[in-house]
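Subject: Structure handover and notes

Hello,

Here is the structure for your files. My notes on it follow directly below.

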Amino acid sequence: MKKTAVIGSFVVDLMARTPHLPEPGETVMGSFFRAGPGGKGANQAAAARRAGCDLVFSTKLGEDDFAGIALSSFQRDGIGLDYVFRTGKAPTGAALISVDEATGQNEIVVVLGACSTYDDNDIARLDQALTGCEYLLLQLEINTDATEKLIRLAAKKGVRVILNPAPVQHLPEELYRMLYLVTPNEVEARILTGIPCDGPEGCKGAAEAFFQKGVQKVIITLGGRGVYYNDGESEAWLHNYDVPVVDTTGAGDAFNGGLLAGLSQGLPLKAAALYGNVVANLAVTRIGTAPAMPAAREIAAFIQENNIPL
């Protein structure tokens with residue numbers, strides 16, 4: 001088992017299901033509400049840990065009641081607290097999520113709070129956390145200067161950096177040369193490369209644009225259309241499975257966490273992408289983000305039932 005790390009956000013998800021997503025100025029009656037753990041970093045860590053990943057995780061919380069939701073969820077999933085930092089300068093993050101109960105599509109507003117206050121003392125402590133790690137999975141849901149420093153730190157230590165560039169934002173061009181893998185969705189890939197990912201040719205063009213920036217490998221998640229994979233030598237389109245879609249919130253996080261779990265288990269990158277796609281397909285059959293992530297035994301059963309070659 002290869003040691004891995006996830007550093008990123010925790011927010012409390014405040015999720016409501018509605019007959020349709022509201023238009024600007026419209027109030028709609030909801031049918032369901034739930035508050036629970038979320039945030040891209042925490043979601044990906046939950047997905048990876050439940051799949052059996054050897055994981056170090058870091059996030060940052062406030063000194064408030066929402067922090068208790070975080071700590072309880074980490075303990076339930078067996079996620080260590082050594083690098084879960086606290087601050088009194090900002091509240092624990094929160095996300096307002098509306099889900100269309102007919103289609104499973106969603107709208108999300110995120111307030112990062114404490115996650116946006118990583119400082120140099122936190123980065124110094126994470127130097128030790130990354131020692132011995134083979135992979136580091138990052139997103140863009142903590143303060144940008146901290147993300148940039150973590151990419152440089154990991155590259156210096158020889159840790160392979162996987163960047164899920166969400167919420168999408170541009171980074172200094174020299175950082176792309178330090179990335180082992182980028183995992184944007186189709187919208188993020190278009191914004192970062194200027195190339196629409198409407199089909200295989202568009203996805204290939206976007207991948208080539210990332211390669212020109214210096215990224216080694218590219219995986220683009222395409223929602224209902226599956227996943228595009230390109231390792232610089234070969235490409236593949238990984239299709240979704242016939243599952244009942246209930247809630248697509250967190251599907252990308254499920255994929256990334258599952259991908260990391262596959263790599264932790266020693267799978268080659270393409271097989272790890274197939275593994276991550278299974279995790280995402282299982283997650284969308286349930287309501288929620290972190291609570292929807294499947295366990296290793298469920299993933300193994302799905303792989304066996306569908307004869308998926310890893």
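A crossing of two helices is left-handed if the near helix is turned anticlockwise from the far one by less than a right angle, and right-handed if clockwise. By that convention, α3 passes α4 in a right-handed crossing.

This is a predicted model, in which local features need pLDDT of at least 70 and side-chain atom pairs count only at pLDDT 80 or more, while totals for chains, interfaces and linings use all residues. Residues are numbered from 1 along each chain as its sequence is written, and side-chain values use heavy atoms, with hydrogens and water left out. Helices (H or I, at least four residues) and strands (E, at least two) are DSSP runs, numbered from the N terminus.

Helix pair α3/α4

The axes of α3 (residues 120-130) and α4 (residues 144-157) come within 11 Å and cross at roughly 30°. That makes α3 roughly parallel to α4 (angles under 35 degrees count as roughly parallel, over 145 as roughly antiparallel, 65 to 115 as roughly perpendicular and the rest as oblique). Axes are lines fitted to C-alpha atoms, for helices over the stretch in contact, and angles run from 0 to 180 degrees between N-to-C directions. On the α3 side, the contact (heavy atoms within 4.5 Å) is made by Asp120, Ile123, Leu126, Asp127 and Leu130. The α4 side supplies Ala146, Lys149, Leu150, Leu153, Ala154 and Lys157.

Helix α6

In α6 (residues 186-193), Glu188, Ala189, Leu192 and Thr193 are buried (under 20% relative accessible area; exposed is over 50%, partly exposed in between, with a 1.4 Å probe and protein chains only). They cover an arc of only 110° around the axis, which puts them on the same side of α6; the arc is that of the directions from the helix axis to the C-beta atoms. Their packing partners are α5 (173-176), α7 (200-213) and β11 (217-221). Asn185 caps the N-terminal end of α6, with a side-chain oxygen 3.1 Å from the backbone nitrogen of Val187. Just after α6, Gly194 has a positive phi of about 80°.

Loops and backbone

Thr248 sits in the loop between β13 (235-238) and α8 (251-264) and, at 21% relative accessibility, counts as partly exposed. Leaving aside residues up to four places away in sequence, Thr248 touches Gly104, Gln105, Asn106 and Val284.

Ala166 and Pro167 are joined by a cis peptide bond, omega about -10°, and Pro167 is in the loop between β9 (160-163) and α5. Asn307, in the segment after α10 (296-305), has a positive phi of about 50° although it is not a glycine. At 66% relative accessibility, Asn307 counts as exposed.

Regards

Methods: Polar contact = N/O pair within 3.5 Å; in protein donor to acceptor, adjacent residues only side chain to side chain.
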